[in-house]
Amino acid sequence: MGKQFDAMLPQHEAFIRQQHIFFVGSAPLSEEGHVNISPKGHDSLRILSPNRVAYLDLTGSGNETSAHIDENRRITIMFCAFEGAPNILRLYGTGTVVLPDTPEWGELYPLFTPLPGARQIIEIDVHLVQTSCGYSIPFMSYTGERETLQRWSVQQGEAGLKKYWHEKNRKTIDGMPTPLGSKLI
């Protein structure tokens, strides 16, 4: 059975730091809206305190999470053990979208290794930590990061990325505006 905690314990933080991938879940308030689940890789997550994390969000073909956070702030992050002892850990919380050229960006961005294509930071105030067994999760071996997105981002350059964001990241698949999109207008 799952166990619940008000904050991350040191063993939770250690488990999170060992993971090579995490999944982000968010949803709009509308029943017709789509639930979004996004995998995240690279060294893009930072534990800021037992009740606060942030991740560097890289350019992607959509921008659902930021619009959902802008609308209702709900977000869940899930980590799965694909190596070692079975474990699933979820962080439930409320998110904030931090865009470049803001004071918050200036505070958070230096905590990350710069990655090409960074478009925003998602900061999460964690109000519930839940662990569960993970007995059905398969073993998988980590062999390295894919560099495709980084190469593509470098090739696009700043102007190309902004053009891509304008074309692909201004609205969700449900037509909701994104914070990044509002800034680009």
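This is a predicted model: local features need pLDDT of at least 70, side-chain atom pairs count only at pLDDT 80 or more; totals for chains, interfaces and linings use all residues.

Colleague: Is Tyr55 buried or exposed?
Modeller: Tyr55 has a relative accessibility of 0%. Because of that value, Tyr55 counts as buried.

Colleague: Which residue forms an edge-to-face aromatic pair with Tyr55?
Modeller: Rings of Phe, Tyr and Trp (its six-membered ring) pair if their centres lie within 6.5 Å; planes under 30 degrees apart count as stacked, over 60 as edge-to-face and the rest as tilted. A search of the whole structure finds 4 aromatic pairs. In one of them the centres are 5.6 Å apart with 70 degrees between the planes, and the partner of Tyr55 is Phe22.

Colleague: How many residues apart are Phe22 and Tyr55?
Modeller: Strands (E, at least two residues) and helices (H or I, at least four) are DSSP runs, numbered from the N terminus. Phe22 belongs to strand β2 and Tyr55 to strand β5, so the pair links distant parts of the chain. Their separation is 33 residues.

Colleague: Is Val24 buried or exposed?
Modeller: Val24 is also a residue of strand β2, which covers residues 22–26. Among the residues it touches are Tyr55, Thr65 and Ile77, where contact means heavy atoms within 4.5 Å and residues up to four places away in sequence are not counted. Since its relative accessibility is 1%, Val24 counts as buried.

Colleague: Why is helix α2 largely enclosed by the rest of the structure?
Modeller: Helix α2 spans residues 64–72. Its buried residues include Thr65, His68 and Asn72.

Colleague: Which residue in β7 stands opposite Ile77?
Modeller: Two strands pair if DSSP finds at least two bridges between them. Strand β6 (residues 74–80) and strand β7 (residues 88–98) are antiparallel and share 7 bridges. On the other pairing of β7, 11 bridges join it to the antiparallel strand β8 (residues 118–132). Opposite Ile77 stands Leu91.

Colleague: What is the volume of the largest pocket?
Modeller: On a 1 Å grid over the protein atoms alone, a pocket is an open set of points where a 1.4 Å probe fits, with protein on both sides within 12 Å along at least five of seven lines; lining residues have an atom within 4 Å of a point. Grid points are joined across faces, edges and corners, and a volume is the space filled by probe spheres set on the points. For the largest pocket this gives about 1,100 Å³.

Colleague: Which residues of its lining are the closest to the centre of the largest pocket?
Modeller: The lining of the largest pocket has 43 residues. The closest to the centre are Ile21, Pro39, Lys40, Gly41 and His42.

Methods. Residues are numbered from 1 along each chain as its sequence is written. Side-chain values use heavy atoms; hydrogens and water are left out. Buried means under 20% relative accessible area, exposed over 50%, partly exposed in between (1.4 Å probe, protein chains only).
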